[in-house]
Each structure stands twice: as structure tokens, then as C-alpha cells.
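Here are a few friendly notes to read alongside the model.

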Amino acid sequence: LDSTNCKMASQTLQISETARELLSSGFRSDSPEELYTKWAKTYETDSFASLGFSSPFHTARVAAKYLVSKAQVLDMGCGTGALSQLLREAHDFDETGGEIDGSDLTQAMLNNVKPGLYRNLQKCDISETPWPYETNLYDLVLCNGVLVYINEDMTNVLKEFHRVLKVGGKAILMMREDDVAKWEPAMTVLKCANAWELTDQTEPYDNFEKITKFNERSEDGKVWFRVKVFTKLKEL
């Protein structure tokens, strides 16, 4: 698959120019805050109606399996609130009596979150550690569609997922199949410390179901991902 095929795929879709730019790059960028600031107003229409963005539905479905009474949930990279909305509308989150906090790199995305989806919203760069959250606070920490943009200090990022979780809590992370190798050393650090373990993962899914080919790093031009569940075993 060459770049010409990628451009042809994006030109046939009714999407914004910013979405077209991300599509052509295989949803990779060295300046995600700038791009998502430009994309905020059309993000939901582009992502769900035009591209068939599927991972939030799978991440929410997996998270629902692990909801507990009065669940405390952190949504890192929450965007405009898709995960919280899905948990509340499709998975009866409100019946747990719990709360969801949200954080995103881009203030413009946070400005487009519907009222009532989060207890607290905070602008935060996931790659800058430590995060502004207490240790042992959350039952679940969710992250969908964000890890692909982190290219350094991955071990400390994963340690933050671990730190803010209660013992027994779950980090529910959407990871692209073409990005997992980058995270393997960091995952190994926590595994070898017996700090957490991979306890569940989905089969691979197509992240953009309405697109045929656009990802140059994949043989079939698709973006495949799994939702992985890591359980915190002890403190580091």
C-alpha cells in the first residue's frame, strides 16, 4: 500500500481537512495537541459517522465487565467524552453509584464534552509524569486511542496507570497492533516487578470500519487493535 492509495481512500470520504490529514498519516502525529485542537468541532462526526471509529465501543464493553459498586474511574485521553457516554448509556454505569473523571491533552476537546459525563475534567498531557491524581484512587483507568502518540518515557507512563489504581484495579488500554512492540519494554518492567499482570485482552478489531485501506504499516491497510486489561497486584 503506497501513499497514493492512502490519499485516494481519504478523498472519497466526507470528512474535515484535519481528519484527512490524520488519515493520511495513519493517525500518527508529532503534534497531536495542535491537530486535535483544529479537529475538535468535527471530531465526533468525522470519527463515528464517517470513519466508523470502533475502539471506544469495545473499550467501554470491556470496562463494563469490571465495574464495581461506587466505581471510581479515570478516563485518560477522554476527548469529547465517548467512553463515559457509552458506559452511561449502554452499560448502566450510573447504577453503580460511581464517578468518572476525565483528562485530555487538548482543551478544545474538553470544551466539547457534554455536561454531566464527568465529575471532573482536567487538561493533562499523559506523557508528562507524575499525573495530577492521587495514588490508589481508581478502580479502573481507561485509555483509548492515545498511546499511539507517545514515543518516549513509556515506562513512566505505564507506572502512572499503575500508581493511580487501587490494588486489584484494572488498567484498560486500547493498543494498536502496529504499536505494541514500542510498549513491550515498559510492560515487561511492570510484569517482572510483579506489580501488575495482563489478565484479559480482546481479539484484534478493525479500528476504522468504514475505511478500506489507509495504513501504510499494515499489510491489509487497516488499523488493528486489542483492548488489554492489566490488573494491579501490588505497589511498586
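1. Tyr36 and Tyr149 are both buried (under 20% relative accessible area with a 1.4 Å probe, protein chains only; exposed is over 50%, partly exposed in between). A word on the basis: this is a predicted model, where local features need pLDDT of at least 70, side-chain atom pairs count only at pLDDT 80 or more, and totals for chains, interfaces and linings use all residues. Residues are numbered from 1 along each chain as its sequence is written, and side-chain values use heavy atoms, leaving out hydrogens and water.

2. There are 13 aromatic pairs in the structure (rings of Phe, Tyr and Trp, the last by its six-membered ring, with centres within 6.5 Å; planes under 30 degrees apart are stacked, over 60 edge-to-face, the rest tilted). In one of them, the ring centres of Phe27 and Trp39 lie 6.1 Å apart with planes at 50 degrees, so this pair is tilted. Phe27 sits in the loop between helix H2 (17–24) and helix H3 (32–39), and Trp39 in helix H3, twelve residues apart. Both Phe27 and Trp39 are buried.

3. For Tyr36 and Tyr149, the centres are 5.7 Å apart and the planes at 80 degrees, so the pair is edge-to-face. It joins helix H3 to the loop between strand E4 (138–143) and helix H8 (154–164), across 113 residues.

Conventions
Helices (H or I, at least four residues) and strands (E, at least two) are DSSP runs, numbered from the N terminus.
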